[in-house]
Amino acid sequence: MGKADADGPGLPDLPPEWGRVVIPDDLSALADEAEQVRRELRRAAADRRRRRPPAGPVLVLIVAVVTTIAGLAAVTWPRAGRTGPATGTPDPAPAQLTGRQLPALDLVDGGQSPVPLRGLLPVVVLLVDGCACPEQVAAAATAVPPGVSVVTVAGARPRAAPPGTSVRSLADPAGGLRAFLHLPAGQLGVTAVLADRSGRITLVVPEVTSVADHSAELSRLAD
């Protein structure tokens, strides 16, 4: 026998659209309705899960899009200092090296023993890593006054001195002298550097054509 309905005493006011509400004496009579409600709730939850996009692929897609945009921005975004003339210090010209001190470098001989460059003063240094040029080396050895050393400086290993001369053959594996002179490593021809007894550079000739053209500077090295 059902209990009082919505119009009976002791029950709160219920919406009129619910109609007549009957509460049975035995609640097990509502088992079928309860099971149907649970099925509908499970079906609704399953529908929501199917409609929800998977989080993993979406996260990967977002990361990929952000990375692509950041890369494009780094390439195309204008940067300060990317345009306009360079403001670096230009390499010194040979004339600007005149008057400076010959660097205190250690060169190496054929046995890889160190030879201090400043211990050879006064000296005519011929950089021959780009060209052996034995004729020019021999001409320099003939043109220098007595007491002035003539030294050839190659790259990794000393080049053989012209026969019949007192030219000393050395090497500069580290490239310190060429770097000091701001000369490119692959330069062809012979570069001459003249330094007096005090180590002061008196002349730099990036490409020697004829040593006889510099006889006056050579003679002053012996002073």
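How many salt bridges does a search of the whole structure find?

Analyst: The model is a predicted one, and a search through the whole of it finds 2 salt bridges. Of the 223 residues in the chain, 26% are buried, and the chain exposes about 14,600 Å², of which carbon and sulfur atoms supply 60%. Among the contacts with a separation of 6 or more, residues 24 or more positions apart account for 57%.

One of the salt bridges is formed by the side chains of R178 and D129, with a distance of 2.5 Å from N to O. R178 belongs to helix 5 (residues 176-181), while D129 lies in the loop between strand 3 (123-127) and helix 4 (134-143), so the pair ties together parts that are 49 residues apart in sequence. As for how far the two partners are covered, R178 has a relative accessibility of 8% and therefore counts as buried, the cut-off being under 20%, whereas D129, at 27%, counts as partly exposed.

The loop that holds D129 lies between strand 3 (123-127) and helix 4 (134-143), and the cysteines C131 and C133 form a disulfide with their sulfur atoms 1.8 Å apart. The count of disulfides comes to 1. In general, a disulfide is a covalent bond between the sulfur atoms of two cysteines. The link of C131 and C133 is right-handed, with 100° about the S-S bond. Its two ends fall into separate classes of cover: C131 is partly exposed, with a relative accessible area of 23%, and C133, at 13% relative accessibility, counts as buried.

The other salt bridge joins D196 with R200, and here the closest N and O atoms are 3.4 Å apart. D196 is buried, with a relative accessible area of 13%, while R200 is partly exposed, its relative accessible area being 35%.

To place this pair, one can look at the strands around it. Strand 6 (residues 191-195) and strand 7 run antiparallel and are joined by 4 bridges, and A195 stands opposite I201, a residue of strand 7. These strands form a hairpin with 5 residues between them, where G199 takes a positive phi near 90°. Strand 7 itself, which covers residues 201-205, is mostly covered, since 4 of its 5 residues are buried.

To return to the request, the pair R178 and D129 ties together parts 49 residues apart in sequence, namely helix 5 and the loop between strand 3 and helix 4, while D196 and R200 make up a salt bridge with its closest N and O atoms 3.4 Å apart.

How values were computed. Residues are numbered from 1 along each chain as its sequence is written. This is a predicted model: local features need pLDDT of at least 70, side-chain atom pairs count only at pLDDT 80 or more; totals for chains, interfaces and linings use all residues. Side-chain values use heavy atoms; hydrogens and water are left out. Buried means under 20% relative accessible area, exposed over 50%, partly exposed in between (1.4 Å probe, protein chains only). Helices (H or I, at least four residues) and strands (E, at least two) are DSSP runs, numbered from the N terminus. Two strands pair if DSSP finds at least two bridges between them. Contact means heavy atoms within 4.5 Å. Accessible areas come from the Shrake-Rupley method with a 1.4 Å probe; for residues, only the protein chains shown count as cover. A disulfide is a pair of cysteine sulfur atoms within 2.5 Å. A salt bridge is a side-chain nitrogen of Lys or Arg within 4 Å of a carboxyl oxygen of Asp or Glu.
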